[in-house]
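Subject: Structure handover

Hello,

Here is the structure I promised you. Please open it and keep it beside this email as you read.

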Amino acid sequence: MSDKQQVLYERVGGEQVISELIHKFYDRITADPQLKPFFENTSMSKLRRMQREFFSAALDGPITYTGRPLSYIHHGRGITKRHFALYVGHLLDTLQDRGIDDQDVQDIIARINTYADEITGEMGSAG
Ligand code: HEM
């Protein structure tokens with residue numbers, strides 16, 4: 001039933017579903033012993049709010065991301081490509097668990113992967 005006229009944001013179910021996904025996603029992240037330590041001094045309610053904005057905007061929703069630039073937030077925290085891969089793995093599991101259409105899941109993961117260098121500060125192999 002996925003309507004290709006709709007943007008990704010609408011196809012996954014809009015604000016309500018994105019809010020639910022972010023909640024479940026961060027429950028997984030903070031339950032992962034390798035990722036948990038990064039979030040020890042973070043306000044999770046603010047982070048969830050910023051992530052809702054970020055994901056809504058990244059999926060072409062009618063929302064503007066008002067947080068700080070991703071490279072500014074993440075550089076200097078010791079986040080490696082391996083942490084990034086774990087993070088994306090939890091996102092994949094969260095989307096699949098919610099029954100999001102396979103093609104939409106792939107599109108979302110592809111978009112999120114484009115931010116790898118801004119998060120880890122390492123040079124990517126592409127380009
Ligand atoms: C593409 C992947 C990622 C995206 C899109 C993303 C996005 C964001 C956003 C939007 C914020 C909030 C910005 C703000 O408060 O202004 C944030 C904060 C944060 N992110 Fe990420 N993030 C990603 C990957 C990661 C990874 C892999 C880690 C660690 C393993 C991480 C650790 C953090 C931490 C610790 C904060 C909170 C910083 C604070 O306490 O102010 N992020 N991220």
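Below is what was found, from the whole chain down to one residue.

First, the ground rules. This is a predicted model: local features need pLDDT of at least 70, side-chain atom pairs count only at pLDDT 80 or more, and totals for chains, interfaces and linings use all residues. Residues are numbered from 1 along each chain as its sequence is written.

**The chain**

The chain has seven helices and zero strands. Helices (H or I, at least four residues) and strands (E, at least two) are DSSP runs, numbered from the N terminus. The radius of gyration is 14 Å, close to the 14 Å that the globule rule gives for 127 residues, so the chain is as compact as a globular protein of that length. That radius is taken over C-alpha atoms, and the rule is 2.2 Å times the number of residues to the power 0.38. Along its principal axes, the C-alpha trace spans about 40 × 35 × 25 Å. Of the 127 residues, 16% count as buried. Buried means 20 or more other C-beta atoms within 10 Å of a residue's own; exposed means 12 or fewer; partly exposed is in between; C-beta atoms are placed from the backbone.

**Helix H2**

H2 covers residues 14–30. Its 17 residues should span 24 Å at 1.5 Å a residue, and its end C-alpha atoms are 24 Å apart, which agrees. The expected span is 1.5 Å times one less than the number of residues.

Which residues of H2 are buried? They are Ile18, Leu21, Ile22, Phe25 and Ile29. Seen down the axis of H2, they fall within an arc of 105°, so they line one face of the helix. The arc is that of the directions from the helix axis to the C-beta atoms. On the other side, Gln16 and Asp27 are exposed.

**Arg52**

Arg52 sits in helix H3. It has 19 C-beta neighbours inside 10 Å, so it counts as partly exposed. Arg52 touches Ile18, Ser19 and Ile22, leaving aside residues up to four places away in sequence. Contact means C-beta atoms, placed from the backbone, within 7 Å.

**The ligand**

20 residues surround the ligand; the closest are Thr42, Met50, Gly67, Tyr87 and Tyr115. A residue counts as near if its C-beta atom, placed from the backbone, lies within 6 Å. H3 gives the most to this shell, with four residues.

Best wishes

Key:
Contact = placed C-beta atoms within 7 Å.
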